[in-house]
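User: I'd like to learn how to read a few features of a protein model. Can we start with pockets?

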Amino acid sequence: MSRLDDVDLSARLSKKEGKEQLAAAQQRLVHLRLLLGGQIGSGELGPPLCVLFEGWDASGKGGAIKRLVDELDPRHVRVAQFAAPSYDEKRHHFLWRFWPVLPGWGGMAVLDRTWYGRVLVERVEGFATEEQWQRAYGEIVDLETTLAAEGTVLAKFWMHVSPEEQLRRFESRRDDPYRAWKLTDEDWRNREKREAYEVAVEEMLQRTDHEGGRWTVVPADDKRHARVAVVRTVCEAIETALAARGIDPDGLPG
């Protein structure tokens with residue numbers, strides 16, 4: 001069984017359960033984020049937190065990111081979105097354009113699409129040579145290992161939806177004049193290549209899951225369940241990192 005095949009996409013939360021569990025997880029995140037930033041507790045800055053999002057088109061990345069940062073002070077978190085590299089960005093190593101948004105100590109950044117584009121869309125669509133994307137696995141792991149060694153907490157999410165649910169969301173977007181802009185011809189073309197993308201995703205998960213940067217595959221057919229899972233997982237990553245540095249995750253405001 002592949003890692004994607006092992007995901008239970010039947011997980012569901014009722015509207016009431018989703019609202020209550022999300023609110024509790026968000027409140028916990030506010031507390032932990034303030035501890036990281038030194039706004040409460042001893043005042044000591046916690047480690048950098050970098051949250052990476054990848055996933056199928058219409059898998060709910062944007063909605064999950066919104067719920068992740070909704071209750072945080074916008075001065076305490078940076079959300080960066082990455083599309084296809086520009087002409088000037090292509091003149092540099094593919095990792096170059098990501099460095100400016102990476103967080104420092106006490107900081108938090110959320111990346112909507114990431115350096116994993118090299119081994120996903122650039123691989124499948126032929127925008128990178130095989131030598132380039134094969135080499136990229138090691139380059140990515142080296143980067144993340146270096147960041148982790150310096151203290152960065154990495155939370156990496158693959159938002160996973162079934163082809164049936166993806167189609168339902170595509171059609172819903174197509175039929176809504178206020179959301180139709182989110183659906184492009186490229187989305188439909190990518191959907192036709194799902195088998196090739198699944199091969200690329202499986203290899204990405206297998207070759208870039210390491211001690212300093214573990215992947216979390218989120219069952220995202222149910223948006224409420226996915227959003228709670230994301231916020232809780234980020235909370236757990238922060239708690240583990242703070243405890244490892246002798247900082248009480250339940251520390252009261254100082």
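Analyst: A pocket is an open set of grid points with protein on both sides within 12 Å along at least five of seven lines. Keep in mind that this model is predicted. Here, the second largest pocket has a volume of about 320 Å³.

User: Which residues are the closest to the centre of the second largest pocket?

Analyst: Val-153, Leu-154, Glu-211, Gly-212 and Ala-237, out of 19 lining residues. Two elements, β4 (153-160) and α8, each give two or more residues to this lining. By class, the lining has 7 nonpolar, 7 polar and 5 charged residues.

User: Now helices. Which residues of α5 are buried?

Analyst: Buried means under 20% relative accessible area. In α5, that holds for Glu-165, Gln-166, Arg-169, Phe-170 and Arg-173. Viewed down the helix axis, these buried residues fall within an arc of 140°, so they line one face of α5. They pack against α6 (185-192), α7 (194-207) and α8 (223-244).

User: What span does α5 reach from its first C-alpha to its last?

Analyst: Its 12 residues, 163-174, reach 16 Å. That is close to the 16 Å expected at 1.5 Å a residue.

User: What does Arg-78 touch, leaving out residues up to four places away in sequence?

Analyst: Pro-100, Val-101, Leu-102, Met-108, Ala-109 and Val-110.

Terms used. Residues numbered from 1 in each chain as written. Predicted model: local features only at pLDDT ≥ 70, side-chain atom pairs only at ≥ 80, totals over all residues. Heavy atoms only, no water. Helix = DSSP H or I, 4+ residues; strand = E, 2+ residues; numbered from the N terminus. Expected span 1.5 Å × (residues − 1). Buried < 20%, exposed > 50% of the residue type's maximum accessible area, 1.4 Å probe, protein only. Arc of directions from axis to C-beta. Contact = heavy atoms within 4.5 Å. 1 Å grid on protein atoms, 1.4 Å probe; cavity = no way out; pocket = protein on both sides within 12 Å on 5 of 7 lines; lining within 4 Å. Points joined across faces, edges and corners; volume = space filled by probe spheres on them. Nonpolar A, V, L, I, M, F, W, Y, C, P; charged D, E, K, R; others polar.
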